[in-house]
Amino acid sequence: MSLAGAGVSPGAGHGPAYILTASVPEPPEDSAHTGDADAEKERALAALHQVAGELESRADRLEADPDAPGREGADILRAQALMAADPGLAVGVEALVDEGVAAPRAIFSAFAKYRAALAGAGGYLGERVADLDDVRDRAIARLTGHPLPGLPSEPAPPAEPGGAPRPYVLIARDLAPADTALLSRAVVAAFVTEKGGPTSHTAILARAMGVPAVVGCAGATAIPPGTTVLVDGTSGEVRPDPTGEELARVAGAARARRAAVERAGEAGRTRDGHPVPLLANIGGPGDLDAALHHGAEGVGLYRTEFLFLGRRQAPPAEEQERAYRAALAAFPGRTVVARTLDAGADKPLAFLPPPAEEPNPALGERGLRLLRRFGDVLDVQLGALARAAASETAELQVMAPMVATAEEAAWFAEACRARGLPRAGVMIEVPAAALRAASLAAEVDFLSIGTNDLAQYAFAADRELGTLGDLQDPWQPALLDLVHLTAAGASGAGRPCGVCGEAAADPALACVLVGLGVTSLSMGAAALPAVRAGLGEHTLDQCRRAAEAARAAMTPSRARTAARAELPALTALGL
């Protein structure tokens, strides 16, 4: 009997189940120390310091490993390291120890306050509770000598003597990024968790690795260890003891997919030759190797936040210029689209004055709205981008996030041109911008649709809240209407229109987006081969028919089914 969850990283994988259920026990509430308080405080803080150092070390290893999920994984681990090194946490631990509480319980209780705040916030912040728990448990384990739940570092033994090692299916209630970030596709065939949502770090890392993943799969840890499990990261189905016929079908699809990738060549195009550049989303220089390895034709979204977040001073222009030049140098003669700083809301900047109280931060000062108020930050960034572009042959395009009006678009374009940046664009992330896309396109050189935020604002549904996942589904027909409206507006103004949201990474939806009039697609690097294969097996007319069928549907699931009926090669490719 199969189990069902939410598919968050497409593809199918199978292997023996490795069940991760152990946990670090909670220290007793009455734990007290009988020795010197200063020594007990030193012991507690040393454990936290060791955990922070271990997480930083793992982040460094991750960035140096070309087969690991690069910058995304490293950023997750460094965020955890900051949790362990938080001065406020240390103060709380010391105060509890002064009251006679033993170090392990002091750490547990000090974390509880932060945990309650995150859990109460819900959405994206709520899903960070698992990361906080992992840091807490690692520190307590160091103090108590209790072993942390371990992950196998090697593939499962071969099914037959002399055979190739078999990657396993990792199943857990939840997974700690400190462990999973260091795994590779050679070791793990798929992830399955009972908890988590589309923005959990299991989902983020699985997509970055290109490994199928299903989250929110109730009952998964009851699967007996060693049972062969087939995981469909597209449909969310988890099937223990699959039949030989089912496994043969998965193997056949994998062979067909490899052949389709070879037929597609290096450039994205439909079967009848319509060009669709396939670009990579990157979060920093650490992601460039993966983008090149997977055949990216350029960069469609260079997130520059990594330079700014978690700092008490804005990054100097020279540091910014080096980071921008690295991306431009990696793609000589190609396109690199850099997004200016997208901060605010859940990404505050320590070096700027805190905003006035924002009851709804997602609707407050973020993106270009924030940069217009702090123009010096934008001016330094644009200057660094211009200097980096002057020394490289790549075509740099710069776009602003959170643009709602043609006036904002014109203001940003003028700011870019004043700095010698000739190619300025804007992201379409709010319905107002989609509705007036033609007006915005007349002011800039290109549009780029961020489907994640566009869905959030179109449906008034927090993009990080798993309970509203159906409204955030990129197959929502109303969202497809907005994409079509934007692409048509850009086309009417003679401007290209790309998509750089998560939707572009779905091979079926990528075909639909092309059918809606989108001119380029940008995605996580690991998704590029599958999208190139799926697109290359269908004509532009098939893509257009699939788009029409999806828009005519009533629900996301019906839209997906209707579109796939017009894209028959996807099933044969296992996409």
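**Packing, barrel and salt bridges in the predicted model**

Leaving out neighbours within four places in sequence, Leu513 touches Val483, Val499, Ala503, Ala504, Val518 and Leu521, where contact means heavy atoms within 4.5 Å. The model is a predicted one, so to speak of local features takes a pLDDT of at least 70 and side-chain atom pairs count only at pLDDT 80 or more, while totals for chains, interfaces and linings use all residues. Numbering starts from 1 along each chain as its sequence is written, and side-chain values use heavy atoms, with hydrogens and water left out.

Leu513 is also one of the residues with the most contacts inside the largest nonpolar core, alongside Tyr302, Leu447, Val512, Leu521 and Met523. That core holds 107 residues, a nonpolar core being a set of buried Ala, Val, Leu, Ile, Met, Phe, Trp, Tyr and Cys residues joined through side-chain atoms within 4.5 Å. Buried here means under 20% relative accessible area, exposed means over 50%, and partly exposed covers what lies in between (1.4 Å probe, protein chains only). Helix H13 supplies the largest share of this core, eight residues. Another core lies apart from it, with 35 residues, including Ala47, Leu89, Ala106 and Ile140.

Now for the strands. Eight of them make a closed barrel with parallel pairing, in the order E9-E10-E11-E12-E13-E14-E15-E16. Helices (H or I, at least four residues) and strands (E, at least two) are DSSP runs numbered from the N terminus, and two strands pair if DSSP finds at least two bridges between them. Strand E11 (residues 335–339) runs parallel to strand E12 (residues 395–403) and is joined to it by five bridges; Val336, for one, has Leu396 in E12 as its bridge partner. Helix H21 (residues 528–536) lies across strands E9 (278–282) and E16 (520–523), at about 160° to E9. Axes are lines fitted to C-alpha atoms, for helices over the stretch in contact, and angles run from 0 to 180 degrees between N-to-C directions.

Salt bridges come to 31, counting a side-chain nitrogen of Lys or Arg within 4 Å of a carboxyl oxygen of Asp or Glu. In one of them, the closest N and O atoms of Glu40 and Arg43 are 3.2 Å apart. These two sit three residues apart in helix H1 (residues 37–64), which means about one helical turn between them. Glu40 is buried at 11% relative accessibility, whereas Arg43 is partly exposed at 35%.

Glu321 is buried at 14%, and Arg387 is partly exposed at 37%. Asp342 and Arg366 also pair up, at 3.3 Å from N to O, and both are buried. Salt bridges with shared partners link Glu305, Arg339, Asp342, Arg366 and Asp453 into one network.

As for disulfides (cysteine sulfur atoms within 2.5 Å), the whole structure has zero. The sulfur of Cys511 has its closest cysteine sulfur in Cys543, at 4.3 Å, too far for a bond; Cys511 is buried at 0% relative accessibility. For Cys497, the closest cysteine sulfur is that of Cys500, 9.8 Å away and again too far, and Cys497 is buried at 1%.
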